[in-house]
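Keep the viewer open as you read.

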Amino acid sequence: MKKLDFRAFMKKAGTKAVLASLLSIIIGMVVGSIIILISGLTNATMGPKTAWEGIQLVIGGLFSTGRDATTGALSFGFNPQLMGNMLFRAMPLIMTGLSVALAQKTGLFNIGAPGQYLMGTAATLYIALSLPTGTGETLQRVSGEWVTHMEALGMTGVTYPAWLVWTLAFLGGMMAGAIWGAIPGMLKALLNINEVLACIMTNWIAANLVTWVFDISHLQNAVENTKRAYIYKTSFNGVQTSKLGLDAILPNSQVSGGIVIAVLMAVVVYIILNKTTFGYELRACGSNRFAARYAGIRDKRSIVVSMALAGALAGAGAALYYLAGNTELYWETSQSLPAVGFNGIPVALLAANNPIGVIFSGLFMSMLEICGQKLKDLTAFNEYITDVIIAVIVYLSAFAMLIRMLLSRKKSAGKEALK
Amino acid sequence: MDILAILQSDSMAFLIRQTLLFAVPLMIVALAGVFSERSGVINLALEGIMIFGAFVGVLFVNTIEQVGWFTEAYDWLKAASAVKIDARDAAFTSDMVSNLFATQGFALLTMLVTAIVCAIFSMLLAFAAIHLRADQTIAGTALNMLAPALVLFLVRIIANQNTLNIGGDASSWFMLKESYFGFGIKLTRTTKTASMGFLGQAFVNQVYPITYVCILLFIVMSIFMYKTRFGLRMRACGENPQAADSLGINVYKMRYAGVGISGALAGIGGFLYATTTMNCSSNGDVAGFGFLALAVMIFGNWKPGNIALASLLFGLLKCISASYGTLDFDANGIFELKELGISKYVYKLLPYVITLVVLAFTSKRSRAPKAEGIPYDKSVR
């Protein structure tokens, strides 16, 4: 049997990347805990006990089961609802993370994921709600007869099978994202414009464009009249992703079958990047664009295609999120960009741009979000501390190289001591 | 239509006032970007620093209010608008002057505090970019994520809601009103004293003097960058740091200074934005103004003069998109811009589209600092 060589294992690049990520996570958590501690101790209405509860929830919020009814102390254990919600929230995060990671492999920083995500959202919702399926889970009464919401809006006549509408909406979302990603890609390839600047511009163009589209659309939720500025849920037209039995395992949660698609997509991206010639060309462009060109790789094409694929992945994330059926879009987004798009950056950075790693870092990020939610529900603190932790992690990954260097230096220092 | 009448209409005065309101924060934040980039550090964190600056400024005003300093002046000014014209004598005038000085001095003090705190905040970027040789884009993005998160976390704890407000209203604290100067005061139920006239309406009434302070600051800092030895040295570090180093300039120090000044200016811009357009409140959001300022900087080709013009153009577009439905230049009850039938989203989109187009056309001749984004390493030639 081959002997496990611990030292060789520690020297592998993958191990170092994982260690560096774990280290940034730990530092991020520590900073978050310190902020909670300071704000808890300095605030008159809180105290050391609240601060301690806050720290517990930031780290273990996923396993929170609320408060004990008699003692009022926090209780922990397996909570299927939170597990399901984590899988649900991880779904778009994995997709935007893949988007950023794929572009990064080609040497491009895709800060345009929020815009691509928004364009995907618009296309998906438009297709999913414009082609009537004749079904729909919520019913309302119109002159004595029970009809679906879509029928109540006058969307009758030709109906399409729900699976077809779902597929079209999903592909449409990917397509819209791809187009929106290709724009900065082309500007970069043909005119050598910095993709970061182009992406920032296309982000805000998308934010206004999408608001405009929904402002003049017929898709604003007019049925539930307590709601303002929301678009119909896709379940109103009966085009929601199958839960694939996951809701039986994790009851009362938002879980959707889309998570399976997201994981499959990650595997596909991994195979494309690492096992195909095309993927090799993309990575070659990322390592050294000019050397790749010298080797006969069409670098301009690679850049455009890479950004288009990145956009498609972000668009697919939006499609999965809104096709889940239990989500709705607040359409007045012209002044803000979706956080899930920006959070693709830390997801990719934590995974060191490895598509399989993205699955785990996506799950970790959504776990953090759940922890923040629990922190808000159960203590006087609020969910924004998790965003602080995420920002610290991004900040640390800006000099990930340095951390990795420090890690290997520590190793060699240890070796010296052994001698 | 009489062109002269239109040019002197109340709507025109309103348009000028509102355009300045949007343009000046853009201008000062874009200049902040120039300071950082010309020293060689890409500053994507403008949005984040603005958000942080807005928070620091509002928190400072809020705290001083609770301590009770300046509140006498505030109360006096708030009541002054209602004082009848015949009750205004020399003593009233001298009180007015001293109280205006007090509140405006308070505004300047807040600007100063904001600038210092934000310069320190921007050291997070400087440290990562200069000493740790980090990826400046990622470090900037990190600050953009950190600022709103930290601000919202603190605001929620301090104010128990998502917005931190000040006790009074920003207009009574920091705004000039025509009634202070004896114009537009109610005489009877229906009659008023004369209005301030076109120039007064456009540049004095309902204007925040800190806007003009920022214009002045913009001019002074531009001259500082171009006409002083320090400015020249700083710009050299963004163009050719090796050459600068060989002449005995400390590149690291210069870049720290560039980012620090950048942070101070962006913070001031954030406070200005919060005061003039958000009634001096902070909610961890400046509606993408920092990114728009980045667009202004690129559009202005990293030069202060062009940036001033670009920010006026973008400010005008922003102003039109916000108020195009209520502008009536010849006072005939028809809202001219609304009649054009162009969606407000077009005006909102235009700045970004224009920037992309300009980037596309000038990419070959772009005057972006040559060494921006590249960490300086003494050992590399």
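How many residues does helix 6 of chain B have, and how far does it reach from its first C-alpha to its last? Helix 6 of chain B, residues 136-159, has 24 residues and reaches 34 Å, close to the 34 Å expected at 1.5 Å a residue. The expected span is 1.5 Å times one less than the number of residues. Helices here are DSSP runs (H or I, at least four residues), numbered from the N terminus.

Before going further, a word on what you are looking at. This is a predicted model, in which local features need pLDDT of at least 70 and side-chain atom pairs count only at pLDDT 80 or more, while totals for chains, interfaces and linings use all residues. Residues are numbered from 1 along each chain as its sequence is written, chains are lettered from A and ligands numbered from 1 in the order in which they are written, and side-chain values use heavy atoms, with hydrogens and water left out.

Back to helix 6 of chain B. Of its 24 residues, 21 are buried, so the helix is largely enclosed by the rest of the structure. Buried means under 20% relative accessible area, exposed means over 50%, and partly exposed lies in between (1.4 Å probe, protein chains only). Both ends have something to show. Just after the helix, B:Asn160 takes a positive phi of about 65 degrees.

Helix 6 of chain B also leads us to the other chain. B:Arg156, in this helix, pairs with A:Glu383, which sits in the loop between helix 15 (355-378) and helix 16 of chain A. Their side chains meet in a salt bridge at 3.4 Å, N to O. The rule for a salt bridge asks for a side-chain nitrogen of Lys or Arg within 4 Å of a carboxyl oxygen of Asp or Glu. Are A:Glu383 and B:Arg156 buried or exposed? Both A:Glu383 and B:Arg156 are buried. Across the interface of chain A and chain B, the rule finds 1 salt bridge.

Now widen the view to the whole interface. Here 47 residues of chain A are in contact with 42 residues of chain B, where contact means heavy atoms within 4.5 Å. The size of an interface is often given as the accessible area lost when the parts come together. For chain A and chain B, the buried area is about 4000 Å², and carbon and sulfur atoms give 79% of it. That area is what two parts lose on being put together, summed over both (1.4 Å probe). In chain A, A:Met201, A:Tyr384 and A:Tyr395 lose the most area to chain B, together 17% of what that side buries.

Which elements build the side of chain A that touches chain B? Those that give two or more residues are helix 2 (13-42), helix 7 (162-191), helix 8 (195-215), helix 14 (339-350) and helix 16 (384-398) of chain A. The largest share, 13 residues, comes from helix 8 of chain A. By type, the residues of this side divide into 33 nonpolar, 10 polar and 4 charged. In this grouping, Ala, Val, Leu, Ile, Met, Phe, Trp, Tyr, Cys and Pro count as nonpolar, Asp, Glu, Lys and Arg as charged, and the others, Gly among them, as polar.

Let's turn to salt bridges elsewhere. Over all chains, the count comes to 7. One of them joins the side chains of A:Arg289 and A:Asp299 at 3.0 Å, N to O. A:Arg289 lies in helix 12 (residues 289-294) of chain A and A:Asp299 in helix 13 (residues 299-323) of chain A, so the pair ties together parts that are 10 residues apart in sequence. A:Asp299 also forms a salt bridge with A:Arg293, the closest N and O atoms being 3.1 Å apart. A:Asp299 is buried, with a relative accessible area of 5%, whereas A:Arg293 counts as partly exposed at 41%.

Finally, return to chain B for some backbone details. Most residues other than glycine have a negative phi. B:Asn279, however, has a positive phi near 55 degrees. B:Asn279 is placed in the loop between helix 12 (251-277) and helix 13 (289-299) of chain B, and counts as partly exposed at 42% relative accessibility. B:Asn301 has a positive phi of about 55 degrees and lies in the loop between helix 13 and helix 14 (304-323) of chain B.
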